[in-house]
Amino acid sequence: MSEQENRIIEDPDARPETKSATPEQADRPDASSASAAGKSPIAQEASHAAEAQAPIQAPIQSATEDSAGQESGEAQTVARRAAAQQAADEAVLAESRKHTRRSFVVAAAGAAAGYGFYQWIGNSPGVEMQPQPFRRALEANAAIARAITHDHALTPTYALKDARDLRVNGVYGLKRMLKPESWRLQLVGTQLDGAKLNAGHPRYTEDVTAWQYLYTEAGSHEDQGHDTKVDPNAKTAEKMAPAAMMDQAKAQEDRAERMPRGREEAGESRSTLMPRTPGLLLAMDDVLALPRHELVTQFKCIEGWSEIVHWAGVRMADFMQAYPPQLVDGQEPKYVYMETPDGDYYTGYDLNVCRHPQTLLVTEMMGAPLTQFHGAPLRLHMPVKYGYKQIKRIGLIAYTNDRPDDYWTKLGYDWYAGL
């Protein structure tokens, strides 16, 4: 017995572990089995151990190869996705560059067109302190308003309890205190102006412009309300007028000519009456002889404020019926012109708007006679128009077929001024 075999017998635990063969291995002829007979027991045990380890190492090697292949496939997928994303980004950038260039071109063309349009407007002929395109836009708006309302739409009326005192806002034509007894309403262009029609009318005169309005020299202590633009005292009118105009006015006064007119910013009206114009000179009794009407409506200023006011007076429609306009070529004239006694403030209207049932020649406000700074003794209330059309202290009413001058229109505002 050899020395190795003695060690195995003495130490059974040191003997190599043996495995029983699987059925497949038992049935399968194996070269190792054939040669086992010629080997020693120790050699056979070693051979059996090597065979047992082989099936274990093979799956491990296969799994490693599969893992490496899977990682390689994922890397290829990531690479393909990255390449596709890069291609998509490059396509978007290329399209963006194209649109960006186009946008700059369009923006530059738009800016050039806008600047050219601005220059065209700025270089357009001015019409009453407005570039011609703007003035045409205002006239287009007026035409649309006329087409929609036909100048007959009524404004809302309110309960008497909602009415408030109207604020004083603008004293053009009111800066000198008129003596009430000297007031007369010059009325021109009526059917009573003709030579055959006026013979029996007690108010007819051959020159309505010859009438002299009288003013007090002292300033008034009347409550002016709030938001008054200029302190309306006796000296304000001279302070507002240019020196050359005042010199000319004083020279006319020395020659017993008519009082200076149009001393405010817009100047004298182009529609003011020429000397020796025939017409009627109506007293306040003539106006008050017409039916009295009351109205509670809203006064709206173009500055953005409004107030509900209680008005009383004579409807303009009744006034025009009592003093109808003279026909022109068989038709009524298109317009009505009004101005203050000194001609400092003046307004023009469509004839149809003056016939509006809510248009009043106002003699009372908030249940009391008008005050000087609210237009005594006679002012206009036209609730379908902004406040700058509602002239105070009316001294002249003229029917005309030519569109009359208008104070604020000459300073760039809308002639129609409809709400």
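Analyst: Here is a short chat about the chain, its confidence, its cores and a few of its strands. Keep in mind that this is a predicted model.

User: Thanks! How many helices and strands does the chain have?
Analyst: The secondary structure comes to 11 helices and 15 strands. The chain has 419 residues, and buried residues make up 37% of them.

User: And what is the mean pLDDT?
Analyst: The mean pLDDT of the chain is 79, with 72% of its residues at 70 or more.

User: Where does pLDDT stay under 50?
Analyst: One such stretch is residues 223–241, for which the model has 39 contacts beyond four places in sequence. Another is residues 253–257, with three contacts of that kind. Where pLDDT is low, the predicted coordinates should not be read in detail.

User: Good to know. Switching topic: which residues touch the most other members in the largest nonpolar core?
Analyst: Those are Met316, Phe319, Met338 and Ile397, in a core of 46 residues. Strand E15, residues 396–400, gives the most to this core, with four residues.

User: What does Met316 touch?
Analyst: Leaving aside residues up to four places away in sequence, Met316 touches Val336, Met338, Cys354, Thr359, Leu360, Leu361 and Ile397.

User: OK, now strand E11. Is it mostly covered or mostly open?
Analyst: Mostly covered: E11 spans residues 346–350, and five of its five residues are buried. Tyr346, Gly348 and Asp350 point one way from the strand, while Thr347 and Tyr349 point the other way.

User: Which strand is joined to E11?
Analyst: Strand E10, residues 335–339, is joined to E11 by five bridges, and the two run antiparallel. Within that pairing, Val336 has Tyr349 of E11 as its bridge partner.

User: What lies between E10 and E11?
Analyst: Six residues, and the two strands form a hairpin. In the turn, Gly343 has a positive phi of about 75 degrees.

User: How far is Leu280 from Tyr204?
Analyst: Their C-alpha atoms are separated by 4.4 Å, although the two are 76 residues apart along the chain.

Notes:
Residues are numbered from 1 along each chain as its sequence is written. This is a predicted model: local features need pLDDT of at least 70, side-chain atom pairs count only at pLDDT 80 or more; totals for chains, interfaces and linings use all residues. Side-chain values use heavy atoms; hydrogens and water are left out. A nonpolar core is a set of buried Ala, Val, Leu, Ile, Met, Phe, Trp, Tyr and Cys residues joined through side-chain atoms within 4.5 Å. Buried means under 20% relative accessible area, exposed over 50%, partly exposed in between (1.4 Å probe, protein chains only). Contact means heavy atoms within 4.5 Å. pLDDT is the predictor's confidence in each residue, from 0 to 100. Two strands pair if DSSP finds at least two bridges between them.
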